Amino acid sequence: LPVTTIGSFPQTGELRAARAAVAAGTLGPEEYEHRVRAEIERVVRLQERLGLDVLVHGEPERNDMVQYFAEHLDGFAVTRNGWVQSYGSRCTRPPILHGDVARPEPITVRWAAYARSLTERPVKGMLTGPVTIVAWSFVRDDLPLREVVGQVADAVREEVRDLEAAGVPIIQVDEPALRELLPLRRTAQAGYLEWAVAAYRRATSGAGDGTQIHTHLCYSDADQILAAIDGLDADVTTIESARSGARILNAVGSFGRGLGPGVYDIHSPRVPDAAEVEDLLRRTLAVLPAERVWVNPDCGLKTRTYEQVEAALANVVAAAATLRAELSR
């Protein structure tokens, strides 16, 4: 029952202000990098102290899981004021994908490598998948969508290879929009899932056998496309479960890979207690063997405060420890 998180840790007001100051020219790149590195160390030390098994660097350098990559890829433009509502009061600025996509240089490697240098515990590299990058952008219409996704998949593939070359042992490629793009017409759904799954595998299959590939899906009725999720061929899938009342557990009995049904609803400021997390884990263990179960929140922790996150993750670790003790008897 290894414990991990999905990737992001709280985006503090100080981090957002620092990015704004860089854009305004009032904060230099060296000082900004110093602040990002300090935040990464803070996140790594917090995870070590709480007792998590697989760590993340917390993504303090990222404004958004799609926009950040668009800013570093050829073929994309980003806006200053092109805000759209994501959910509730949360807004994003979708990139404009206007040309052929290429990756001029590594995007995430230095941050992941720095986090890895701080700890003896395994650290995940964190990437956004090709389907999601395209789904959450305004996309050129002069090429079939599957070809555009394929171009992005090639860029992600290069990043996967560079992370692996830097010694990052686990690489998570998130694909939360996989279900979102599913066509309404049933006759078109199989064709879409075929090329979308192929694009994900194109992005990740360059990694060697010694690298563990993770993926993540959230808030997407994923139980409806479980066969396609299995087809992604990721070693571990983390997926929303707590918020939807563990509905996904009704469909995962035949799932043959590592699975982390979320035990903590991150869209609420409420901190789950250890008994609640333990109950969700027991329900998971009733349908999956323990060696395939991972323990994680529903989604990233970007929108929460450090106070909330520390309390919740402490309870998650405690619940996992209780069940590990029982299983070892």
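This is a short walk through the structure, one selection at a time.

The model is predicted, so to speak of local features a pLDDT of at least 70 is needed, side-chain atom pairs count only at pLDDT 80 or more, and totals for chains, interfaces and linings use all residues. Residues are numbered from 1 along each chain as its sequence is written, and side-chain values use heavy atoms, with hydrogens and water left out.

**Stop 1**

Start by selecting residues 74-77, 96-102 and 138-139. Strands here are DSSP runs of E with at least two residues, helices are runs of H or I with at least four, and both are numbered from the N terminus. You are looking at an open sheet of 3 strands in the order β1-β4-β6, with mixed pairing. At its edges lie β1 (74-77) and β6 (138-139), each of which pairs on one side only. Two strands count as paired if DSSP finds at least two bridges between them. Strand β4 (residues 96-102) runs parallel to β6, with 2 bridges between them. Zoom in on I96 and you will find F138 of β6 opposite.

**Stop 2: a nonpolar patch**

Together V84, I96 and F138 make a nonpolar surface patch of about 230 Å². Patches take residues with over 30% relative accessible area and no salt bridge; nonpolar side chains (Val, Leu, Ile, Met, Phe, Trp, Tyr) are joined within 5 Å, like charges within 9 Å. The areas come from the Shrake-Rupley method with a 1.4 Å probe, and for residues only the protein chains shown count as cover. V84 belongs to strand β2 (residues 84-87).

**Stop 3: a strand covered on both faces**

Next, select residues 236-239, which form strand β9. In a regular strand the side chains alternate between the two faces of the sheet. In β9, V236 and T238 point to one side, T237 and I239 to the other, and all four are buried. Strand β8 (residues 212-217) pairs with β9 in the parallel sense over 4 bridges, and L217 stands opposite I239. Strand β10 (residues 258-261) is also parallel to β9, again over 4 bridges. There, L259 is the bridge partner of T237.

**Stop 4: aromatic pairs**

How many aromatic pairs does the structure hold? There are 2. Rings of Phe, Tyr and Trp (its six-membered ring) pair if their centres lie within 6.5 Å; planes under 30 degrees apart are stacked, over 60 edge-to-face, and the rest tilted. Select Y68 and F69: their ring centres are 5.7 Å apart and their planes meet at 85°, so this pair is edge-to-face. Y68 is buried at 6% relative accessibility, and F69 is buried at 4%.

Then move to Y192 and W195, an edge-to-face pair with 5.2 Å from centre to centre and 90° between the planes. Both residues are buried. They sit 3 residues apart in helix α7 (residues 186-204), about one helical turn.

**Stop 5: charges over rings**

Select R37 with Y114, where the charged end of R37 sits over the ring, 4.3 Å from its centre. R42 does likewise over the ring of Y306, at 3.7 Å from its centre. The rule asks for NZ of Lys or CZ of Arg within 6 Å of the ring centre and within 35 degrees of the ring normal.

**Stop 6: salt bridges**

A salt bridge needs a side-chain nitrogen of Lys or Arg within 4 Å of a carboxyl oxygen of Asp or Glu, and the count comes to 23. Select E310 and R49, whose side chains meet at 2.8 Å, N to O. This pair links distant parts of the chain, 261 residues apart: E310 in helix α10 (residues 306-327) and R49 in helix α2 (residues 29-50). E310 is partly exposed, at 29%, while R49 is exposed, at 57%.

E59 has a relative accessible area of 11%, and R62 is at 4%.

Finish with R201 and D233, bridged at 3.7 Å, N to O. R201 lies in helix α7 and D233 in the loop between α8 (226-231) and β9, so the pair ties together parts 32 residues apart in sequence.

Conventions. Buried < 20%, exposed > 50% of the residue type's maximum accessible area, 1.4 Å probe, protein only.
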